[in-house]
Amino acid sequence: MSPANVQSHQEKAPAGESSDGTATLAEIARAAGVSAPTVSKVLNGRADVAPGTRTKVEELLLLHGYRRRRGSTTQSQLIDLVFHELDSAWAMEVVRGVENVAREEGLSLVLSESAGRLTPGQTWVDGVLARRPVGVILVLSDLTAAQRAQLTSRSIPYAVVDPAGDPGDDVPSVGTTNWQGGLAATRHLTGLGHRRIGVISGPSRMMCSRARVDGYRAALETAGLPIDPDLVREGEFQHEAGYATGMELLRMADRPTAIFAGNDLQALGVYEAARELGLRIPEDLSVVGFDDLPLTRWIGPPLTTVRQPLIEMAETAARLVLDLGRGRQPATTRVDLATSLVVRSSTAAPGGGH
């Protein structure tokens with residue numbers, strides 16, 4: 001069936017259709033003072049609707065709790081995957097995970113980027129409504145209440161991978177044990193004998209950043225070590241931030257003998273800063289990252305890091321979305337997969353001892 005035929009069918013059929021026992025599409029149309037085909041155009045993300053009319057219809061869909069019956073329209077065989085940033089090896093691992101599930105299911109991916117914003121714009125939502133994917137996966141991102149309502153009313157399931165904030169109990173999400181990872185990384189360093197351990201967090205607006213630093217603090221307290229605020233720094237999850245913040249820490253008069261970086265890209269920046277200052281890793285400085293990206297085993301020296309199971313997280317989110325789309329209610333919609341410490345050659349006892 002061509003898209004034109006699908007649209008024609010959608011506009012004619014639902015006038016008396018009840019979604020799930022709430023208001024019918026025809027009732028929404030009467031309340032909005034528009035025709036049923038106009039409401040259908042809004043539901044399908046069509047652009048040829050006046051903004052004021054679109055807003056009014058969306059408000060009524062939300063007010064009446066309208067939800068389109070699954071199977072009442074033809075879905076495209078797509079999974080929408082949206083990142084707040086797409087230019088990193090970290091993002092490619094997530095793409096690989098979703099692609100694994102999509103390939104098994106005979107689906108294709110649509111990749112989007114929200115230009116660094118943690119909430120995608122309305123243009124992206126309109127595109128999703130027009131594409132009618134089988135599900136949506138957001139990475140580090142979240143939706144506004146209105147955007148969530150728009151997807152829910154169209155019966156388009158969604159999930160968040162590694163949510164930046166607390167997504168709420170009603171939002172399906174897949175994360176990892178960030179606190180435990182921060183604890184394990186710092187315990188490894190205290191176990192080697194380090195007493196001045198710097199930490200570079202990610203942005204404080206992100207829940208994972210705060211959790212990793214909280215794990216760092218807990219490990220120091222457990223070891224009976226003081227927490228020096230000067231050794232706690234914040235930066236973006238990028239190589240440049242690791243370099244700049246690493247420089248600040250390593251130029252201190254009483255510099256740290258070890259640094260726990262918030263992610264592997266920051267750790268690579270710390271490597272560069274140490275190299276410029278003539279410090280050897282691990283003889284003069286131990287470094288621990290977070291993520292376990294494939295490149296970390298090939299850099300010199302190979303990086304000790306906390307493995308975040310990115311591919312598995314993405315696969316779990318994709319299967320969660322597909323289950324929800326098929327009407328299956330999983331046992332839980334809040335999943336945290338375990339982290340694990342991977343010890344390589346970038347850490348040693350202070351002074352170069354092993």
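## A pair to start from

Phenylalanine 83 stands opposite valine 139 in strand 3. Strands here are DSSP runs of E with at least two residues, and helices are runs of H or I with at least four, both numbered from the N terminus. Strand 1 (residues 78-83) pairs with strand 3 (residues 135-139) in the parallel sense over 5 bridges, where pairing requires that DSSP finds at least two bridges between two strands.

A word on what you are looking at: this is a predicted model, in which local features need pLDDT of at least 70 and side-chain atom pairs count only at pLDDT 80 or more, while totals for chains, interfaces and linings use all residues. Residues are numbered from 1 along each chain as its sequence is written, and side-chain values use heavy atoms, with hydrogens and water left out.

In the order 2-1-3-4-5-11, 6 strands form an open sheet with parallel pairing. Its edges are strand 2 (108-113) and strand 11 (334-337), each with a single partner strand, so one side of each has no neighbour in the sheet. From one strand to the next the twist averages 20°, taken between axes that are lines fitted to C-alpha atoms (for helices over the stretch in contact), with angles running from 0 to 180 degrees between N-to-C directions.

Strand 1 also runs parallel to strand 2, joined to it by 6 bridges. Valine 82 has serine 112 as its bridge partner in strand 2. Right-handed means that, with the strands pointing away from the viewer, the path from the first strand over the helix to the second runs clockwise.

Strand 3 is largely enclosed by the rest of the structure, because 5 of its 5 residues are buried; buried means under 20% relative accessible area, exposed over 50%, and partly exposed in between, with a 1.4 Å probe and protein chains only. Gly135, Ile137 and Val139 point one way from the strand, Val136 and Leu138 point the other way, and all are buried.

Strand 3 has a parallel pairing with strand 4 (residues 158-161) over 4 bridges, and here leucine 138 has valine 160 as its bridge partner. Together with helix 7 (residues 145-153), strands 3 and 4 make a right-handed β-α-β unit. Helix 7 has Gln147, Arg148, Ala149, Gln150, Leu151 and Ser153 as its buried residues. Just after this helix, serine 155 adopts a positive phi of about 60°.

A second open sheet is formed by 6 strands in the order 7-6-8-9-10-12, and its pairing is mixed. Strand 7 (232-234) and strand 12 (340-342) are at the edges with a single partner strand each, so one side of each is left without a neighbour in the sheet. Ignoring direction, neighbouring strands of this sheet are turned by 20° against each other on average. Strand 8 (residues 258-261) pairs with strand 9 in the parallel sense over 3 bridges, and alanine 258 stands opposite serine 286 in strand 9.

Aspartate 292 counts as buried at 12% relative accessibility.

## The cavity

How many cavities of 30 Å³ or more are there? The count comes to 1, a cavity being a set of points on a 1 Å grid over the protein atoms alone where a 1.4 Å probe fits but cannot get out, with lining residues having an atom within 4 Å of a point. The largest cavity holds about 230 Å³ of space, the volume being the space filled by probe spheres set on the points, which are joined across faces, edges and corners.

The lining of the largest cavity has 20 residues, and His84, Trp90, Leu140, Phe237 and Asn263 are the closest to its centre. By class, the lining divides into 8 nonpolar, 5 polar and 7 charged residues; Ala, Val, Leu, Ile, Met, Phe, Trp, Tyr, Cys and Pro count as nonpolar, Asp, Glu, Lys and Arg as charged, and the others, Gly among them, as polar.

Conventions
On a 1 Å grid over the protein atoms alone, a cavity is a set of points where a 1.4 Å probe fits but cannot get out, and a pocket is an open set with protein on both sides within 12 Å along at least five of seven lines; lining residues have an atom within 4 Å of a point.
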